[in-house]
Amino acid sequence: MQENLRPETMERITNIDLANAFIEEQVEAVRAQVGNKKVLLALSGGVDSSVVAALLIKAIGKQLISVHVNHGLMRKDESENVIKLFKDELDANLIYVDATDRFLNLLAGVSDPEQKRKIIGKEFIEVFADEARKLEGVEFLAQGTIYPDILESVKQAEGKKAVKSHHNVGGLPEDLKFELVEPLKFLYKDEVRVVGEALGLPHAMVYRQPFPGPGLGVRCLGAITRDRLEALREADAILREEFDNCGLAEKVWQYFIAVPDIKSVGVKEESRYEGWPAIIRAVNTKDAMTATIEEIPYEILHKITHRITHEVNGINRVLLDLTPKPIGTIEWE
């Protein structure tokens with residue numbers, strides 16, 4: 001991957017002092033770029049968009065309009081928690097959009113990962129455009145783009161194929177008049193967290209489990225169906241609950257369940273039972289460019305397996321992914 005996209009003069013943000021200097025610089029840059037206009041923010045509630053929200057609130061206050069889109073691909077209770085945190089606790093200017101049917105209808109029958117990402121990304125832009133048409137004075141779209149997103153999306157000069165596209169990289173369609181605001185686009189994930197701490201965000205938010213823009217859409221492998229998506233959501237909730245209970249949540253950078261579009265034969269209540277496998281992936285990384293596998297004690301794996309296979313309808317096996325990055329990417333799709 002090329003590394004010269006990031007400004008050569010930019011120092012790695014490794015402590016609060018450097019983060020404060022970065023924040024001051026970006027606050028000035030945002031104010032100069034935006035003026036007295038309004039900004040729409042794609043607020044997923046993840047680390048990147050949360051830090052962007054806090055930074056922009058510091059820079060332009062109520063000029064920021066945060067839009068949280070529930071595309072039906074969120075983790076269990078995710079949207080409810082985002083609304084509670086940002087609207088009730090942080091007093092953000094928040095618009096909630098339930099676009100579940102809109103996204104899932106477009107994704108019906110689509111199995112190619114890149115096509116799914118592009119559909120989700122394009123529809124995000126369309127949803128924001130719809131919301132913008134209801135408002136006055138909105139000329140900017142803020143995004144939580146970070147440096148690994150750019151590196152993985154850019155086709156390299158030597159002809160290497162891009163790893164994957166990201167819904168928050170590449171700008172807007174020509175017919176949309178928004179100008180992008182991307183204050184984190186040259187930061188790695190670990191730097192984003194330091195900036196979040198400097199902004200005074202809660203520890204739980206700053207170190208929140210990473211979640212891809214396409215959400216469970218790239219973890220419900222292959223063509224998405226509502227029943228398999230719901231099984232994935234429930235299995236993922238069990239994994240996160242058990243990681244919280246045993247202390248792995250703070251130790252592991254990213255952990256999740258992926259459910260492929262395949263079935264195997266099992267036995268349930270002495271009868272044949274066909275179900276999907278749930279694949280556990282748990283990795284550690286500092287910059288999201290490489291990742292190592294976290295070892296999970298067998299007693300924890302056995303408990304997770306028992307709960308998922310007994311509590312989640314449609315899943316009859318639990319598998320463990322031991323592949324580092326590279327050769328595997330962090331997400332399956």
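Me: Buried means under 20% relative accessible area, exposed over 50%, and partly exposed in between, computed with a 1.4 Å probe on protein chains only. With that in hand, which exposed residues sit on the face of H3 turned away from its buried side?

Reply: That face carries Glu-80 and Asp-88. A word on the background: this is a predicted model, in which local features need pLDDT of at least 70 and side-chain atom pairs count only at pLDDT 80 or more, while totals for chains, interfaces and linings use all residues. Residues are numbered from 1 along each chain as its sequence is written, and side-chain values use heavy atoms, with hydrogens and water left out.

Me: What makes the buried residues of H3 lie on the same side of the helix?

Reply: The buried residues are Glu-78, Ser-79, Val-82, Leu-85 and Phe-86. They cover an arc of only 135 degrees around the axis, so they fall on the same side of H3; the arc is taken from the directions that run from the helix axis to the C-beta atoms. Their cover includes H2, strand E2 (64-70), strand E3 (94-98) and H8. Helices (H or I, at least four residues) and strands (E, at least two) are DSSP runs, numbered from the N terminus.

Me: Why is Lys-189 called buried?

Reply: Its relative accessibility is 8%, and the limit is under 20%, so Lys-189 counts as buried. Lys-189 belongs to helix H7 (residues 189-198). Leaving aside neighbours within four places in sequence, Lys-189 is in contact (heavy atoms within 4.5 Å) with Asp-48, Ile-146, Trp-253 and Lys-286.

Me: What makes the meeting of the Lys-189 and Asp-48 side chains a polar contact?

Reply: A polar contact is a pair of N or O atoms within 3.5 Å; within protein, one must be able to donate a hydrogen and the other to accept it, and residues adjacent in sequence count only if both atoms are side-chain atoms. The Lys-189 and Asp-48 side chains are joined at 2.9 Å, so the pair is within the limit.

Me: Why do Glu-78 and Arg-208 count as a salt bridge?

Reply: The rule asks for a side-chain nitrogen of Lys or Arg within 4 Å of a carboxyl oxygen of Asp or Glu. Here the closest N and O atoms are 2.3 Å apart, so the pair qualifies. Glu-78 lies in helix H3 (residues 78-89) and Arg-208 in the loop between helix H8 (203-206) and H9, so the bridge ties together parts 130 residues apart in sequence. Both partners are buried.

Me: How do you know that Arg-226 is partly exposed?

Reply: Its relative accessible area is 46%, which falls between the 20% and 50% limits, so Arg-226 is partly exposed. Asp-101 also has 46% and is partly exposed. The side chains of Arg-226 and Asp-101 meet in a salt bridge of 3.2 Å, N to O. Arg-226 lies in helix H9 and Asp-101 in helix H4 (residues 100-107), so this pair ties together parts 125 residues apart in sequence. In total there are 28 salt bridges by this rule.

Me: What makes a group of residues a nonpolar core, and which residues have the most contacts inside the largest one?

Reply: A nonpolar core is a set of buried Ala, Val, Leu, Ile, Met, Phe, Trp, Tyr and Cys residues joined through side-chain atoms within 4.5 Å. The largest has 51 residues, and those with the most contacts inside it are Leu-40, Val-69, Phe-243, Ile-257 and Ile-308. A second, separate core of 37 residues includes Ala-19, Leu-41, Leu-55 and Met-205.
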